Amino acid sequence: MVQIEIDNGSGFCFGVTTAIRKAEEELAQGHPFYCLGDIVHNGMECERLRQMGLVTINHDDLKELHDVKVLLRAHGEPPETYETARRNNIEIVDATCPVVLQLQRRIRKQFDTNPDAQIVIFGKPGHAEVLGLVGQTQSRAIVIAHFEDVKRLDFNRDIYLYSQTTKSLDEFHRIIEYIQAHISPDAAFRSFDTICRQVANRMPNVSRFAARHDLVLFVCGRKSSNGKVLFNECKSVNPNSHLIESADEINMDWLEGVKTVGICGATSTPKWLMEECRDAILEKAEK
């Protein structure tokens with residue numbers, strides 16, 4: 001019989017756990033309740049909450065709503081969102097992750113102190129968290145998605161570098177080293193390590209986990225930025241790793257000759273979904 005282990009270090013991070021708990025508490029009261037954007041980048045969990053009554057809306061929808069309650073998810077929002085809510089008498093249930101909230105405040109303070117400097121955010125363009133960070137600078141911050149993008153900065157002007165909380169620590173350090181090597185002696189450069197350690201520490205953990213199994217099933221919504229990073233780490237350590245969104249995607253042929261299966265996931269992957277994948281394998285193996 002194949003042995004299956006679920007990674008204890010995988011599953012929702014603190015910020016996502018808090019957002020989902022707040023949503024469940026509000027939904028239990030039975031009134032209409034909305035969430036601005038997917039509460040988590042996991043379709044299965046979003047569907048579970050939708051069945052409980054959670055209505056997911058976008059920013060255009062928000063402008064049309066009045067006198068309701070709306071959840072802001074862990075990713076955070078720009079100042080304009082709060083202004084829209086105030087104008088439309090919308091009660092905000094703010095589930096912005098404390099780590100993200102602190103980062104927003106730091107960027108806002110830096111922008112207010114020196115608005116002419118280049119505020120640079122290492123992050124995914126268009127990502128909800130990044131939009132919230134850029135919004136602290138009247139949309140003047142420069143977003144760089146990859147190491148190569150750092151070369152388009154103006155090294156004759158001051159640079160203040162921050163990072164989306166879920167980005168790669170190694171790539172962030174490469175960017176810092178490049179800027180240090182190229183910045184003009186007349187310009188200031190400061191970097192702020194704003195990567196969430198709860199997320200960053202998962203890289204070595206998931207690497208060790210993947211190495212000790214014959215087959216790795218990485219359970220994750222395909223929209224998850226954090227999930228892509230962690231899955232790539234799994235794949236580099238154990239080529240016999242597969243990214244799946246649900247138990248339906250498990251191919252039992254993958255288990256041919258396999259003695260141990262490791263099931264892990266992203267910060268947006270619910271524990272119940274990983275357990276569902278384990279149970280599906282055991283059920284199919286018995287047939």
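How are helices H1 and H2 oriented relative to each other: roughly parallel or roughly perpendicular? In this predicted model, the axes of H1 and H2 (residues 43–52) meet at an angle of about 15 degrees. Angles under 35 degrees count as roughly parallel, and H1 and H2 are therefore roughly parallel to each other.

**Packing of H1 and H2**

- The axes of H1 and H2 lie 10 Å apart, and H1 passes H2 in a left-handed crossing.
- On the H1 side, the contact involves Ile20, Glu24 and Leu27, which meet Glu45, Arg48, Leu49 and Met52 of H2.
- By class, the residues of this contact comprise 4 nonpolar and 3 charged, with no polar ones.

**Packing of H9 and H10**

- Helix H9 (residues 202–211) and H10 cross at roughly 40 degrees, and their axes come within 9 Å.
- The crossing of H9 past H10 is right-handed.
- H9 contributes Arg202, Met203, Val206, Ser207, Ala210 and Ala211 to the contact, while H10 contributes Val229, Leu230, Glu233, Cys234 and Val237.
- The contact of H9 with H10 consists of 8 nonpolar, 1 polar and 2 charged residues.

**The largest pocket**

- The largest pocket holds about 320 Å³ of space.
- Its lining is formed by 24 residues, and those nearest the centre of the pocket are Cys13, Val16, His75, Thr166 and Thr267.
- At least two lining residues come from each of helix H1 (14–27), helix H5 (98–113), helix H8 (197–200) and helix H10 (225–237).
- H1 provides the largest share of this lining, with 3 residues.
- Sorted by class, the lining of the largest pocket has 13 polar, 10 nonpolar and 1 charged residues.

**The second largest pocket**

- The second largest pocket has a volume of about 210 Å³.
- Its lining includes Gly123, Lys124, Ala145, His146, Lys167, Ser168 and Glu171.
- Ser225, Asn226, Lys228 and Val229 are also among the residues that line the second largest pocket, and H10 gives the most to this lining, with 4 residues.
- The lining of the second largest pocket divides into 2 nonpolar, 6 polar and 4 charged residues.

**Links between these features**

- Thr166 is among the residues nearest the centre of the largest pocket, and Thr166 also lines the second largest pocket.
- Val229 lines the second largest pocket and takes part in the contact of H9 with H10.
- H1 packs with H2 and also supplies residues to the lining of the largest pocket.

Technical notes
Residues numbered from 1 in each chain as written. Predicted model: local features only at pLDDT ≥ 70, side-chain atom pairs only at ≥ 80, totals over all residues. Heavy atoms only, no water. 1 Å grid on protein atoms, 1.4 Å probe; cavity = no way out; pocket = protein on both sides within 12 Å on 5 of 7 lines; lining within 4 Å. Points joined across faces, edges and corners; volume = space filled by probe spheres on them. Nonpolar A, V, L, I, M, F, W, Y, C, P; charged D, E, K, R; others polar. Axes fitted to C-alpha atoms, helices over the stretch in contact; angles between N-to-C directions. Parallel < 35°, antiparallel > 145°, perpendicular 65-115°, else oblique. Left-handed = near helix turned anticlockwise from the far one by under 90°. Contact = heavy atoms within 4.5 Å.
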